Amino acid sequence: MEPIDKAKYIAELLDNKKAKDIEILEIGPLSSIGDYFVIATGTSTTQVKSLADEVLEKMKENYDTDARHIEGYNTSSWILLDYSDVVVHVFLEESRQFYNIERLWDEAVKIEL
């Protein structure tokens, strides 16, 4: 699966679970940490965890792919799922506003969903 297809698939999974403000940023030309960020917002820590669980479950079920690394699962204000070429950020609304990673990566190209 190509990285862009993976990013779009993950964005679709998040959209189906009612995530808010979903964005895909192409970071490959700017960094070696991956090709794309998928960023989404949940309205509660329960939803943030549920969104991350959905991505983890469907990527394993449909593509036999596990996240290489997971951060923030216990606190659920910002969960990071690292799929090597695609890094998924699921934020609680307040955390997304505070960290504002889109501003940090403002040179990245936004991919249309």
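Author: Contact here means heavy atoms within 4.5 Å. Helices (H or I, at least four residues) and strands (E, at least two) are DSSP runs, numbered from the N terminus. Axes are lines fitted to C-alpha atoms, for helices over the stretch in contact, and angles run from 0 to 180 degrees between N-to-C directions. This is a predicted model, in which local features need pLDDT of at least 70 and side-chain atom pairs count only at pLDDT 80 or more, while totals for chains, interfaces and linings use all residues. Residues are numbered from 1 along each chain as its sequence is written, and side-chain values use heavy atoms, with hydrogens and water left out.

Reader: Thank you. Where does helix α1 lie?

Author: Helix α1, residues 3–16, lies across β1, β2 (36–42), β5 (86–92) and β6, and runs at about 5° to β2. Helix α2, residues 45–63, also packs on the sheet, where it touches β2, β3, β4 (78–82) and β5. The direction of α2 makes about 10° with that of β4.

Reader: How many helices and strands are there in the chain?

Author: There are four helices and six strands. From the N terminus on, they run α-β-β-α-β-β-β-α-α-β.

Reader: And what is the order of the strands in the sheet?

Author: The six strands form an open sheet in the order β3-β4-β5-β2-β1-β6, with mixed pairing. Its edge strands, β3 (69–71) and β6 (109–111), each pair on one side only. From one strand to the next the twist averages 20°. Two strands count as paired if DSSP finds at least two bridges between them.

Reader: Which neighbours run parallel, and which antiparallel?

Author: β2 and β5 run parallel and are joined by seven bridges; Thr41, for instance, has Phe91 in β5 as its bridge partner. β1 and β2 run antiparallel, with five bridges, and Glu23 stands opposite Ile39 in β2. β4 and β5 are antiparallel as well, over five bridges, with Trp78 opposite Phe91 in β5. Finally, three bridges join β1 (residues 20–26) to β6 in the antiparallel sense, and Glu26 faces Val109 in β6.

Reader: Is β5 buried or exposed?

Author: Seven of the seven residues of β5 are buried, so β5 is largely enclosed by the rest of the structure. Buried means under 20% relative accessible area, exposed over 50%, and partly exposed in between (1.4 Å probe, protein chains only). Val86, Val88, Val90 and Leu92 point one way from β5, and Val87, His89 and Phe91 the other way. In a regular strand the side chains alternate between the two faces of the sheet.

Reader: Changing topic: how many aromatic pairs does a search of the whole structure find?

Author: The search finds five. Rings of Phe, Tyr and Trp (its six-membered ring) pair if their centres lie within 6.5 Å; planes under 30 degrees apart count as stacked, over 60 as edge-to-face and the rest as tilted.

Reader: Which residues form the aromatic cluster?

Author: Trp78, Phe91, Phe98 and Tyr99 form one aromatic cluster.

Reader: Where is Thr75, and is it buried or exposed?

Author: Thr75 lies in the loop between β3 and β4. Thr75 is exposed, with a relative accessible area of 56%. The C-alpha atoms of Thr75 and Glu107 are separated by 30 Å, and the two residues are 32 apart along the chain.

Reader: Lastly, what is the radius of gyration of the chain?

Author: The chain has 13 Å, which agrees with the value near 13 Å for a compact globule of 113 residues. The radius is taken over C-alpha atoms, and the globule rule is 2.2 Å times the number of residues to the power 0.38. Along its principal axes the C-alpha trace spans about 35 × 35 × 25 Å. Buried residues make up 46% of the 113 residues.
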